[in-house]
Amino acid sequence: MALPKQKTEADRLSIHPGQPGNRPRDPDALLKAWRHLLQTHHHLHAPEAARMLGVPEAALVASRIGSGALRLKPDIATILAPVSAWGRVLCAFSNPLGVHMPLGVVSAHIPSEDGMFCLHGLHMQAEIAIDAVADAYLFIDHDESHGNTRSVQFHDANGVPILKVFIFHKTKFDAAQKHIMGLKADDQSRGFHLASAARGRFDARARSLAEDPVAEWLDTADMKTLIAKSFDASLAEGSVGFGIEMVGDHARVGWSGILSSVRLDEQMFHLHEADIRSHLRYGPMVRAARTQAGALSIDGEGGRLLRIAGEENG
């Protein structure tokens with residue numbers, strides 16, 4: 001006899017994910033369900049809420065159009081052209097492991113002929129496939145955990161976030177908002193249409209592998225121990241410089257700086273310094289390698305996701 005199907009959070013809240021090409025669900029129902037989760041789950045972030053509700057993250061943001069969100073033309077280079085005037089910002093990049101979030105002043109660079117858009121700072125360098133950005137939003141929010149937040153967010157055609165830029169300085173944001181409002185999209189509907197994500201001309205994984213190829217694959221099934229060892233030897237002697245690169249389908253970002261500590265729990269490891277926040281899961285890690293430069297490289301099902309280099313590796 002077949003066992004009854006276990007109810008998901010979406011089932012329990014009587015909302016149903018849509019199919020590709022359709023609206024995921026009624027925006028009012030989605031927004032109500034999202035707010036319910038925020039009330040019943042402490043410190044719940046949008047990526048976790050989207051997974052619990054079975055929708056792309058962009059659908060959550062779209063449901064807030066008219067109450068905190070504004071859809072923008074998906075022109076990342078124009079939107080972020082004046083980012084250097086916005087003061088210290090947090091740039092949040094995602095892949096299946098979680099989020100990698102450098103903090104600091106950054107500047108934007110003119111897109112290259114192969115469709116690559118760059119953000120640079122003393123603490124980070126990011127490369128993004130312009131062609132992959134299909135949806136963009138200005139999002140102003142408030143919650144008990146984070147207070148007031150102001151961000152511009154960029155998603156691919158599947159509603160998966162590519163980059164979120166959080167602006168901290170209120171006066172600088174007021175000036176930035178005047179620029180951003182000039183890029184308002186004509187479509188301000190609260191629904192989100194799924195589509196096939198475009199493969200941009202710029203290939204973030206190919207660029208990472210070309211820069212630092214795999215030298216040898218490592219024989220390990222315990223990613224937590226491997227990650228711990230990659231940090232422990234250097235951190236045992238105090239604060240040490242590291243270079244940590246996250247690689248996604250449409251972007252890669254490298255942070256370099258000093259780590260005073262790394263916190264590992266059973267599911268994730270966490271970085272928390274003045275110029276970096278990271279929360280990365282072991283679950284999606286499927287294999288590890290040592291690169292030609294001596295860094296530790298971690299792959300998921302789709303290829304390279306993370307590269308960790310100690311000071312001696314550059």
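## Basis

Residues are numbered from 1 along each chain as its sequence is written. In this predicted model, local features need pLDDT of at least 70, side-chain atom pairs count only at pLDDT 80 or more, and totals for chains, interfaces and linings use all residues, while side-chain values use heavy atoms, with hydrogens and water left out.

Strand β9 spans residues 161-167. Strands here are DSSP E runs of at least two residues, numbered from the N terminus. In β9, 6 of the 7 residues are buried, so the rest of the structure largely encloses this strand. Buried means under 20% relative accessible area (1.4 Å probe, protein chains only).

Strand β2 (residues 89-95) pairs with β9 in the antiparallel sense, over 4 bridges. Pairing takes at least two DSSP bridges between two strands. V89 has I167 of β9 as its bridge partner.

## Residue E245

E245 sits in strand β11 (residues 240-247). E245 is buried, at a relative accessible area of 6%. Its side chain makes a polar contact of 2.7 Å with the side chain of S208. Such a contact is a pair of N or O atoms within 3.5 Å; within protein, one must be able to donate a hydrogen and the other to accept it, and residues adjacent in sequence count only if both atoms are side-chain atoms.

## Lining by class

The lining of the second largest pocket has 8 nonpolar, 6 polar and 6 charged residues. β12 gives the most to this lining, with 5 residues. Ala, Val, Leu, Ile, Met, Phe, Trp, Tyr, Cys and Pro count as nonpolar, Asp, Glu, Lys and Arg as charged, and the others, Gly among them, as polar.

Note on methods: Buried < 20%, exposed > 50% of the residue type's maximum accessible area, 1.4 Å probe, protein only.
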